[in-house]
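Hi,

I'm passing along the structure we talked about, and I'd be glad if you could look it over.

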Amino acid sequence: MVALQVGVLVAAYIAYKVIRSFIETRRFKAFAEQHGCENPLDLSEPWHNSFGRIRRIMNLKKTGEDILDDIIAEDFRGAATIQRKGFEGSLITSTVEPANLQAFLATQFEDFETGRLRYLQLSPILGKSIFTSDGAFWAHSRALFRPQFSRDNINDLDATDKAAHALITAIGSGVAAGWTRDVDLSPMFFNFTLDTASDFLFGESAESQAAMMAAQKEGERSPGAIQSAGAQAGTQQFRHDFEIVGEQLISRIRLFSMYWLADSISFRRAVARVKRFTEHYVQAAVNTAQTGKVEGKKETLLARLAAETQDRSELRNQTLAILFAGRDTTASLLGWAFLRLALHPEVFEKLRSVILKDFASDEPITFAKLKDCRYLRHFLNEVLRLHPTVPINGRTAIKDTTLPVGGGPDQKSPIAIRKGQAIGFSVYIMHRRKDLWGEDALEFKPERWEERIPAWQFLPFLGGPRVCIGQTFALIEASYLIVRMLRRYDGMEPVDEAVMLRMRKGLGLTMWPRDGVNVRLHEASG
Ligand code: HEM
């Protein structure tokens, strides 16, 4: 009897689901027709083939395939907007069309969100933070953070100068005929951005550059023996933890709703260690908030947050969001920038001569001067065009809506997007489209920026209300270091040009030069 009742209930539930899905599909079809929408190119495969795609994505390390150039670029060979059924049946629209990006990032911002899926994918480390939230919590976080990113605050370049000095010290002096030893600049850039970001966040540099140098002298110490947060940040273990966390997070993003497949004990351990790193600062900020403001000290981002809430997990999440958003992105930008300078001596020469003219060695390097240096801006734009450090991303529709182009045989009709549908997009692919950038799209040419470039086809920081809040901070940090380095060194060459020319990508939450930036630099005389 009970079995019969359960059977009836299950049958009723299935019937309800089928009828509801039928009604929903009809309603959505009517909505699409009413808005003149057509479907984009459909790349859905039979379900057993979509396993093949997932396998390809999971096996990149083994096969040596590049997720961007080999797998994602393949999707857009026939059209700039496509759709595909995920292997569990949900429809995903992907686009590299500037008009569509402008729509969901800005003009139709209210119709989309970063989505619960992003939260679920990133929450092991970032919890609920500016980066993983939408609606009221995001708006509140954004308003709280905004004053801290104002020009006045970024104007203070003392911490940047100190971190630049530490980096140059870490490179060391010339050993033969003015040439330095062979150095991998990549870890030094990660230290540089961690030191500047921690100063900005906590009012105190983690001094990871100095810690790394000390550790190299003494030989790596076990993390258990390390006392200070800075010393922890300088260890190979900490860099490795950041890498493990970043790699797992990007796997979780790529797997969409199957994100939970990317999990492991080493990931959880790395998460725990990275979280521990922030505890010292969070505790200090809570203490200060409870005992009153420390006179004479500039207000840090964490202090500002701690004045609002003393919930430690919220403070830790927001802090880690800024560290993840700020450290690897800018370090990766610097990595690609110096890789390009090593590979293009003519650009190195030109940029150096502009820098020597605009930044006399006895004058301070100011925010205003950095912003005004046109060729430096063009150079960084070109680096970010070919190597955007956040190459793939996504949004979710929160209501039935449309995107302006991509539908029908000519791909010019609007397309309908259903509530809950995921949108994937890749600025990496968009920045390399020959129909947008010309036949020389894949060539590195800072001079192309002398022409006006349409705003929505270049989006390394995205755009609209969720545009990167740290954009100016990042560009000023990177520019400052480039000026300091190019004033000091008048030549740079790759240690192994063939390796550098492969430009293999490391992909975590950001995209960085996977084989490092191994160069030797020539010190300028005088
Ligand atoms: C070259 C360096 C950087 C690049 C390319 C970059 C890129 C981006 C991108 C693409 C987003 C949008 C993500 C999305 O909404 O899906 C973003 C958001 C964000 N970035 Fe950056 N970023 C950089 C540096 C920084 C720095 C230095 C900081 C802070 C110190 C920072 C803080 C943030 C924050 C807090 C958000 C979330 C904003 C929001 O959702 O309202 N970023 N960044």
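**Helix H17 and its surroundings**

Four residues of H17 are buried: Phe348, Leu351, Arg352 and Ile355. Viewed down the axis of H17, the buried residues fall within an arc of 105 degrees, so they line one face of the helix. An α-helix has 3.6 residues a turn, so residues three or four places apart point the same way. Please bear in mind that this is a predicted model.

What sits on the face of H17 turned away from the buried side? There you will find Glu346, Ser353 and Lys357, which are exposed. The buried residues of H17, for their part, pack against H16, helix H19 (374-386), H22 and strand S10 (489-494).

The length of H17 (residues 345-358) checks out too: at 1.5 Å a residue, its 14 residues should span 20 Å, and this agrees with the 20 Å between its end C-alpha atoms.

**The cores**

The largest nonpolar core holds 86 residues, and Leu302, Ala337, Phe338, Ala478 and Leu481 have the most contacts inside it. H16 is its biggest contributor, giving 16 residues. Leaving aside residues up to four places away in sequence, Ala337 touches Leu380, Val383, Ala478 and Ile482. There is also a second, separate core of 30 residues, with Ala32, Phe112, Phe425 and Val427 among them.

**The ligand**

Around the ligand are 24 residues, the closest being Ala325, Gly326, Thr329, Cys468 and Gly470. Helix H16 (312-343) and helix H22 (471-488) are the elements that give two or more residues to this shell. H16 gives the most, with 7 residues. By type, the shell divides into 15 nonpolar, 7 polar and 2 charged residues.

Best wishes

Key. Residues are numbered from 1 along each chain as its sequence is written. This is a predicted model: local features need pLDDT of at least 70, side-chain atom pairs count only at pLDDT 80 or more; totals for chains, interfaces and linings use all residues. A residue is near a molecule or strand if its C-beta atom, placed from the backbone, lies within 6 Å of it. Ala, Val, Leu, Ile, Met, Phe, Trp, Tyr, Cys and Pro count as nonpolar, Asp, Glu, Lys and Arg as charged, and the others, Gly among them, as polar. A nonpolar core is a set of buried Ala, Val, Leu, Ile, Met, Phe, Trp, Tyr and Cys residues joined through C-beta atoms within 7 Å. A residue is buried if 20 or more other C-beta atoms lie within 10 Å of its own, exposed if 12 or fewer, and partly exposed in between; C-beta atoms are placed from the backbone. Two residues are in contact if their C-beta atoms, placed from the backbone, lie within 7 Å. The expected span of a helix is 1.5 Å times one less than its number of residues. The arc is that of the directions from the helix axis to the C-beta atoms.
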